[in-house]
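Welcome, and please open your viewer. We will take this tour one selection at a time.

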Amino acid sequence: PNQLEWKTLTKSLQIARLATGQTEAEVSLHKIAAGGKVLEHDHRGQEYTLVLKGSFSDENGIYQPGDFLLKQPGDVHKPYASANRDCICLTVVEAPVRFTGFWGKVLNPFLRLNPA
């Protein structure tokens, strides 16, 4: 993960997009800083997530390495990384998420799906 091109979205969230040669979905690694949170967001397409390192929690549970999650369009959540280490997940999304609240109005116009 250290050799990838990480882009910072918020102070707690970085993303490294992975080239897969397909055009239907974006495949990327998401890194949430230890103790960090991701802004509350809803999903406009399906999102598949596999926890690789560390852990995170949301309103529905705690997710450890090896856990697999499927979010459906309309699902809303606010992930938090564990306090003791960064959380890295492999994620496949069919559409960009939409942040809720004040920061959503600022960030949402810049969110794009980037299949590669």
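**Starting at a strand pair**

Select Ser28 first: its bridge partner in strand 11 is Thr91. Strands here are DSSP runs of E with at least two residues, numbered from the N terminus. You are looking at a predicted model, where local features need pLDDT of at least 70, side-chain atom pairs count only at pLDDT 80 or more, and totals for chains, interfaces and linings use all residues. Residues are numbered from 1 along each chain as its sequence is written, and side-chain values use heavy atoms, with hydrogens and water left out.

Now show strand 3 together with strand 11 (residues 87-93): they run antiparallel and are joined by seven bridges. Strands count as paired if DSSP finds at least two bridges between them.

**Inside strand 3**

Is strand 3 enclosed or open? Seven of its seven residues are buried, so strand 3 is largely enclosed by the rest of the structure. Buried means under 20% relative accessible area, using a 1.4 Å probe and protein chains only.

Next, click on His30, in strand 3 (residues 26-32). His30 counts as buried because its relative accessibility is 18%. Which side chain does the side chain of His30 meet in a polar contact? The partner is the side chain of Thr91, at 3.2 Å. A polar contact is a pair of N or O atoms within 3.5 Å; within protein, one must be able to donate a hydrogen and the other to accept it, and residues adjacent in sequence count only if both atoms are side-chain atoms.

Note on methods
Helix = DSSP H or I, 4+ residues; strand = E, 2+ residues; numbered from the N terminus. Buried < 20%, exposed > 50% of the residue type's maximum accessible area, 1.4 Å probe, protein only.
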